[in-house]
Amino acid sequence: MPRRKLRVKAADSARINTELAELRARLEIRTEWPEEVLAEAEEAAERPRLPGYDATELPLFTVDPPGSRDLDQAMHLSHRPGGGYRVHYAIADVAAFVRPGGAIDAEARRRVETLYFPDHRVPLHPARISEDAASLLPGEPRPALLWQLDLDADGAVVLADVRRALVRSHRRLDYAAVQRAVDLGGADEQLALLAVIGRLREEQERARGGISLPVPEQEVEETLHGYVLGYRAPTPADGWNAQISLLTGMAAAELMLDAGVGLLRTLPAAPAAGYDRLRRIAAALDVDWPKDLPYPELVRSLDPGAPLDAAFLNACTGLLRGAGYQAFDESRGLPAPAEPGHAALAAPYAHCTAPLRRLGDRFAQEVCAAVAAGEDVPDWAREALPAVPALMASGDRRAAEVERACVDLVEAELLAGREGEEFSAVVIEVDAHRPGSGTVQLREPAVRARCDRAVGPADGTPGPVGGVGTGTPVGPVDGVGTDTPAGPERAAAAPPLPLGRVIDVRLTEADPSTRTVRFSAV
């Protein structure tokens with residue numbers, strides 16, 4: 001399920017940085033490294049396991065956010081003789097630096113994944129590895145798993161293979177630079193092919209029945225006048241780059257399923273009741289959804305910048321639930337999942353392209369490399385597989401908690417002292433059980449927060465406000481709340497918030513100490 005993303009362009013506010021440090025302490029996020037981990041990282045960086053195959057002449061390039069140093073992936077794109085395309089996709093070989101059962105391995109299993117705060121990253125691996133020796137930085141030879149993915153003229157996979165190789169990235173780009181080059185007609189062959197292959201893979205996704213939700217990101221920028229929140233819609237270049245990663249993850253999943261051993265990222269299909277709920281919301285929002293129009297096609301037709309469409313897309317994020325990891329090793333009595341697919345992709349899928357930042361990818365990589373080479377999967381990887389899904393689930397929960405807390409803190413800090421001010425907002429969610437309460441999205445500043453009708457019971461006194469925080473839905477959305485019993489007299493007294501409509505709201509609370517923001521409808 002898509003989550004709001006929070007990025008900081010400039011984070012040197014002492015006050016907010018102090019609060020973020022206190023937040024890390026409250027959440028018991030360990031930022032320091034044990035001495036034995038640092039010592040082992042230094043030794044591994046000096047003497048990694050190097051592959052015999054040299055592919056450093058392949059002119060790979062990376063596409064990442066500006067300033068990133070933990071570069072997991074690099075690519076090279078070309079035309080195939082006779083038609084179609086060839087994708088070379090290099091992924092950092094973290095196993096070349098991590099000794100099974102060693103100090104780095106043990107610490108990585110505790111951390112599970114890199115955590116992102118507005119002012120600070122808490123990495124999965126020490127910086128000597130994740131931002132230096134294992135990172136696919138330009139000009140540096142690095143051990144990698146190098147995928148070769150051959151596509152036909154329509155972008156469908158006709159061959160997938162992977163091997164360990166020594167690679168070198170030849171240049172480093174960011175999403176904005178790629179998009180500018182394509183838009184202005186200055187794209188070289190590689191970037192032009194990225195656009196072509198990315199669009200073809202998007203069409204393949206459409207044909208499979210997959211779906212990507214165009215949910216905007218939140219950005220935080222510090223100016224001379226303080227922090228400013230804004231929304232950032234993903235560019236086409238973001239999508240093209242993602243399609244190459246998804247392509248690799250789907251190829252890895254098929255490879256592991258054929259071998260009867262591996263680690264999948266799964267997502268169950270939505271229940272029929274979920275689609276019924278969305279149809280009620282679409283009707284409430286005047287979103288035209290013909291009965292014969294598939295859900296993925298409807299989503300592709302929507303404009304995230306339009307208030308009614310934005311409210312519907314927000315409701316769509318709740319349709320697919322239950323993403324998780326499934327390990328299997330049929331030779332050891334651990335069967336493959338009966339439903340191995342990922343509903344958003346409409347295909348089996350594996351996380352394997354971000355091993356510097358995500359623990360499970362290292363194990364999926366190791367399985368793929370061994371299977372492709374016709375070798376036995378190493379015992380250390382096989383023995384760990386059954387425990388990896390639970391580790392990843394705990395890491396995902398912690399990452400979601402960090403994200404919510406950071407969003408709530410920055411929003412509360414930004415609005416502190418402005419209580420009583422009025423803002424224009426779109427109602428993007430209504431509480432099914434308390435239709436006078438829900439979530440609103442402000443255009444300026446870019447805040448999403450709790451909103452309650454300021455009407456209480458029949459005597460007109462204010463009613464209690466339920467829920468805390470700003471980034472968590474207050475309950476299931478059920479259209480405009482009309483098909484849910486009104487409940488107690490107090491809840492029935494508040495008129496329902498108008499889902500998908502622009503309303504005026506008044507800030508009633510902005511408390512950074514509790515990370516709480518609340519509005520009332522004017």
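Mentor: Buried means under 20% relative accessible area, exposed over 50%, and partly exposed in between (1.4 Å probe, protein chains only). Keep in mind that this is a predicted model, where local features need pLDDT of at least 70 and side-chain atom pairs count only at pLDDT 80 or more, while totals for chains, interfaces and linings use all residues. Residues are numbered from 1 along each chain as its sequence is written, and side-chain values use heavy atoms, with hydrogens and water left out.

Trainee: Which residues have the most contacts inside the largest nonpolar core?

Mentor: V87, W147 and M256, in a core of 55 residues. Its largest share, 8 residues, comes from helix α7 (residues 236–259). Helices (H or I, at least four residues) and strands (E, at least two) are DSSP runs, numbered from the N terminus. Apart from that core lies another of 45 residues, including V215 and I428.

Trainee: What is M256 in contact with, leaving aside its neighbours within four places in sequence?

Mentor: Contact means heavy atoms within 4.5 Å. Among the partners of M256 are V261, F328, A350 and C368.

Trainee: Why is A449 called buried?

Mentor: A449 has 0% relative accessibility, and the cut-off is under 20%, so A449 counts as buried. A449 is found in strand β17.

Trainee: And R450, buried or exposed?

Mentor: R450 sits in strand β17 (residues 448–453) too. Its relative accessible area is 7%, which is under 20%, so R450 is buried. The side chains of R450 and D452 are joined by a polar contact of 3.1 Å.

Trainee: What makes α11 and α13 roughly antiparallel?

Mentor: The axes of helix α11 (residues 359–372) and helix α13 (residues 388–415) cross at roughly 150° and come within 9 Å. Angles under 35 degrees count as roughly parallel, over 145 as roughly antiparallel, 65 to 115 as roughly perpendicular and the rest as oblique. So α11 and α13 are roughly antiparallel to each other.

Trainee: Which residues of α11 make the contact?

Mentor: L359, G360 and F363, meeting V388, L391 and M392 of α13.

Notes: A nonpolar core is a set of buried Ala, Val, Leu, Ile, Met, Phe, Trp, Tyr and Cys residues joined through side-chain atoms within 4.5 Å. A polar contact is a pair of N or O atoms within 3.5 Å; within protein, one must be able to donate a hydrogen and the other to accept it, and residues adjacent in sequence count only if both atoms are side-chain atoms. Axes are lines fitted to C-alpha atoms, for helices over the stretch in contact, and angles run from 0 to 180 degrees between N-to-C directions.
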